[in-house]
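I opened my notebook to look up a few residues and ring pairs. These are my entries.

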Amino acid sequence: MICFIGIGKAGTQLANLAHEDNPNSELITFDEKEASYIIPRFSTPEEYESKVKLPRTLTKAKEVVVFLSGSGDTTFITLRVLQKVSKKKISVIYVRPFLKNLSETAKKKEKVIFGVLTHFALSAKFKLYLYDSQKITDHVGSAPVLALYSKVNKYIVWSYTAYRALLSSEKIISYYEDPPEYAWILSIDLKQPESSEPVESFDFKNPRGCNLLCVVPEKTLQEDETLLPSIETEKHSYETDITRSTYSIIKTENQEMYTIIEKFTNYPQYTNI
């Protein structure tokens, strides 16, 4: 069984969406209201470290996915939550908030949380998947405020759950290579045939590797002689002196064709504020 953990308001919303898509999962959330664990508001990070009471055992699930964004006070409990599940398989989905809308204090909080998560990911404690709210908004388009946040959250959860499903799917062809432990900072992009450029989830710098997970309808696999050369050309477009790329092909019964692009690196992705 998998456990989805949401920390803070944004993290709680994302974990709820992931749980809705996977009803057999466990759901645990931490926020100031409407959460599994209500976290009081404190004045300093040290108080969140010392005064918040967590249960001895959070979950019996063998795999944990933690969702959070970095500007809220509740995220100061993140390391304590991660310590509670440290013996499990952990993935952290970090969503960078709209930095231009944050106060200077909130920007500093975000920078601290992001820096700490990056440090632990580079120490192979967990895989850190990066999303940027502004980059996702550029993709999903304009909408009223409440609808916009909902669209951004739904896209993030869809891309991550689709990526997880593809990793475990049967492949027609597969050259997939697992990201090495020293490069556990990742992003997940989307490429659709009608678009010349992929939808980037994060301004990802200096990737060390890139895996293309190509979802192709059965009819296209049977009839399109240009498919394989075009995928190989796309694969080569990601290669540089420091970046190796691979591709895999997954058959789908649907008519929709798309590619999920997994990038990974050991290069810290700094916050520019």
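**Entry on the model.** I am working with a predicted model.

**Entry on K191.** I looked up K191 and found the residue in strand β8, which covers residues 185-191. Is K191 buried or exposed? Its relative accessible area is 13%. Buried means under 20%, so K191 counts as buried. Next I checked its side chain. The side chains of K191 and E234 are joined by a polar contact of 3.5 Å. I then listed its contacts, leaving aside neighbours within four places in sequence. K191 is in contact with S196, E197, P198, E234, Y258, T259 and I261.

**Entry on S248.** I moved on to S248, which I found in strand β10, residues 244-252. S248 has a relative accessible area of 1%, and is buried. Which side chain does the side chain of S248 make a polar contact with? I found S174, at 3.1 Å. Not counting residues up to four places away in sequence, S248 touches K171, I173, S174, Y175, Y176, L212, L213 and C214. I also looked up a distance along the chain. S248 and V52 are 196 residues apart in sequence, and their C-alpha atoms are separated by 45 Å.

**Entry on S201.** I found S201 in the loop between β8 and β9, where β9 covers 209-217. Its relative accessibility is 0%, so I noted S201 as buried. Leaving aside neighbours within four places in sequence, I listed its contacts. Among them are L130, Y131, D132, K135 and I136. Y155, I188 and D189 are also in contact with S201.

**Entry on aromatic rings.** How many aromatic pairs does the structure hold? I noted 13. I looked up F4 and F67 among the rings. Their centres are 6.1 Å apart and their planes lie at 50°, so the pair is tilted. The pair links distant parts of the chain, 63 residues apart. F4 belongs to strand β1 (residues 2-7), and F67 to strand β4 (residues 63-69). Both F4 and F67 are buried.

Then I turned to Y129 and Y160. Why is this pair edge-to-face? The ring planes of Y129 and Y160 are at 65°, and planes over 60 degrees apart count as edge-to-face. The ring centres are 5.4 Å apart. This pair also links distant parts of the chain: Y129 is in strand β6 (residues 127-132) and Y160 is in helix α6 (residues 145-168), 31 residues apart. I checked burial for each. Y129 has 3% relative accessibility and counts as buried. Y160 has 2% and counts as buried too.

F42, Y48 and F76 form one aromatic cluster. The charged end of R96 sits over the ring of F114, 4.5 Å from the ring centre.

**Entry on helices α5 and α6.** I looked up how helix α5 (residues 133-140) packs with α6. Their axes are 9 Å apart, and the angle is about 100°. That angle makes α5 roughly perpendicular to α6. Which residues meet here? On the α5 side I noted I136, T137, H139 and V140. On the α6 side they meet L148, K151, V152, Y155 and I156. I136 and Y155 come up in this packing, and both are in contact with S201 as well.

How values were computed: Residues are numbered from 1 along each chain as its sequence is written. This is a predicted model: local features need pLDDT of at least 70, side-chain atom pairs count only at pLDDT 80 or more; totals for chains, interfaces and linings use all residues. Side-chain values use heavy atoms; hydrogens and water are left out. Helices (H or I, at least four residues) and strands (E, at least two) are DSSP runs, numbered from the N terminus. Buried means under 20% relative accessible area, exposed over 50%, partly exposed in between (1.4 Å probe, protein chains only). A polar contact is a pair of N or O atoms within 3.5 Å; within protein, one must be able to donate a hydrogen and the other to accept it, and residues adjacent in sequence count only if both atoms are side-chain atoms. Contact means heavy atoms within 4.5 Å. Rings of Phe, Tyr and Trp (its six-membered ring) pair if their centres lie within 6.5 Å; planes under 30 degrees apart count as stacked, over 60 as edge-to-face and the rest as tilted. A charge sits over a ring if NZ of Lys or CZ of Arg is within 6 Å of the ring centre and within 35 degrees of the ring normal. Axes are lines fitted to C-alpha atoms, for helices over the stretch in contact, and angles run from 0 to 180 degrees between N-to-C directions. Angles under 35 degrees count as roughly parallel, over 145 as roughly antiparallel, 65 to 115 as roughly perpendicular and the rest as oblique.
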